[in-house]
Amino acid sequence: MTLALAMILDAVFGEPKWLWDRAPHPAVLIGRLISWLEAWMNAGNRRAKGVVMVAFLVLGAWVVGGVIAALPLGWLWQVLLAAILLAQRSLVDHVRDVADALRVSLGDGRRAVARIVGRDVSAMDSPAVARSAIESGAENFSDGVVAPAFWFAVAGLPGMLAYKAVNTADSMVGYRTERYAEFGWAAARLDDLVNWVPARLSAVLILLSYGRADLWAMVQRDAQLHRSPNAGWPEAAMAGVLGVALSGPRSYDGEMQAFPFVNPEGARAIGAGEIEQAAAMLWRVWAMGLGLVVICAILF
């Protein structure tokens, strides 16, 4: 029930700007620590030091979570912190912002989607903007909502904080660049591992919430097309339910890359309407997840 309350609190309040204008978000604090550790440790035997950094982050997060849970009124602090570490409301708001902007103009749509994706947006047409927003919604639903909720259910607040530390480290150093290829290896591999179940669970929730178990074979087929071992699962499920084609060619650092389409049979001429449908889907799937959490709380 602690997790259920946290999910509801996040859905109602999201990321209150007035609070985070006055205090650093826990994810920001984790990021600052990672930046400091990276600047200090990323030299010499980089892979080994990257492993040490990740181990330190996981252990530290686990200890902090355990201390908070053991405080007087520990259940209350767990509800509040878990709600802060979930991202359902803010995710849907950001996805819908792209739809609203795209209705104004293509330029506004590009600027809005640039806030949530890392690819080049300057040459995107309207369908590419829509695909990017929907893909971001699918991926971030898995690692920003389902995964932290899953690890809270498995290991309480320590598990959720440890997951957040790993996920943040991967987003900061888990790149195949000269600077991070070795140092970020442990963060990237561990992030793949801790997201393995949540990514597939996200796909199952998407299909079941719309009664589309018949799409499972397609999801299994197209999830393998994604360069990530996990992101393709919720993306393929959302593409199938919406009846749209996602992924496909896109540009990074000025270089066009020919990624295959996910659900290539789906519609490609998409826009703000399909983004709105994806946002509504995120709430419907979230509601099903909340229902399952409550049922588990009652039964176990």
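1. Start with N195. Leaving aside neighbours within four places in sequence, N195 is in contact with D143, A147, Y163, N167 and N230. Contact here means heavy atoms within 4.5 Å. N195 sits in the loop between α9 (185-194) and α10 (196-209). Its relative accessibility is 5%, so N195 counts as buried. The cut-offs are under 20% relative accessible area for buried, over 50% for exposed, and partly exposed in between, with a 1.4 Å probe and protein chains only. Helices (H or I, at least four residues) and strands (E, at least two) are DSSP runs, numbered from the N terminus.

2. A word on the basis. This is a predicted model, in which local features need pLDDT of at least 70 and side-chain atom pairs count only at pLDDT 80 or more, while totals for chains, interfaces and linings use all residues. Residues are numbered from 1 along each chain as its sequence is written, and side-chain values use heavy atoms, with hydrogens and water left out.

3. Look next at α8. This helix covers residues 126-173, 48 residues in total. Its end C-alpha atoms are only 31 Å apart, short of the 70 Å that a straight helix would reach at 1.5 Å a residue. The expected span is 1.5 Å times one less than the number of residues. A kink of about 140° lies at A155, shortly before the proline P158. The bend at a residue is the angle between axes fitted to the seven residues ending there and the seven starting there. Of the 48 residues of α8, 37 are buried, so the helix is largely enclosed by the rest of the structure.

4. At 18% relative accessibility, D170 counts as buried. Not counting residues up to four places away in sequence, D170 touches Y175, A187, A188 and D191. The C-alpha atoms of D170 and L190 are separated by 8.4 Å, and the two residues are 20 apart along the chain.

5. Helix α13 (residues 272-299) has 28 residues and reaches 41 Å from its first C-alpha to its last. That is close to the 40 Å expected at 1.5 Å a residue. Its buried residues include A272, I275, M281, W286 and V293. What do the buried residues of α13 pack against? They pack against α1 (2-13), α6 (88-104), α8, α10 and α12 (232-242).

6. Now the second largest pocket. It holds about 460 Å³ of space. Its lining has 21 residues, of which L3, A149, F150, A153 and V293 lie nearest its centre. α1, α8, α10 and α13 each supply at least two residues of the lining. α8 gives the most, with eight residues. By class, the lining has 19 nonpolar, two polar and no charged residues. Ala, Val, Leu, Ile, Met, Phe, Trp, Tyr, Cys and Pro count as nonpolar, Asp, Glu, Lys and Arg as charged, and the others, Gly among them, as polar.

7. Cavities are a separate item. On a 1 Å grid over the protein atoms alone, a cavity is a set of points where a 1.4 Å probe fits but cannot get out, and a pocket is an open set with protein on both sides within 12 Å along at least five of seven lines; lining residues have an atom within 4 Å of a point. Grid points are joined across faces, edges and corners, and a volume is the space filled by probe spheres set on the points. A search of the whole structure finds one cavity of 30 Å³ or more. The largest cavity has a volume of about 40 Å³. L225, H226, R227, S247, F259, P260 and V262 line it. These divide into four nonpolar, two polar and one charged.

8. Check two backbone angles. Most residues other than glycine have a negative phi. Phi of L73 is near 55°, a positive value. L73 is found in the loop between α4 (46-70) and α5 (74-85). L73 is exposed, with a relative accessible area of 51%. Phi of N263 is also near 55°. N263 lies in the loop between β4 (261-262) and α13. N263 is buried, at 8% relative accessible area.

9. Last, F56 in helix α4. F56 is partly exposed, with a relative accessible area of 48%. Leaving aside neighbours within four places in sequence, F56 is in contact with L33 and L37. The C-alpha atoms of F56 and A165 are separated by 9.9 Å, with the residues 109 apart along the chain.
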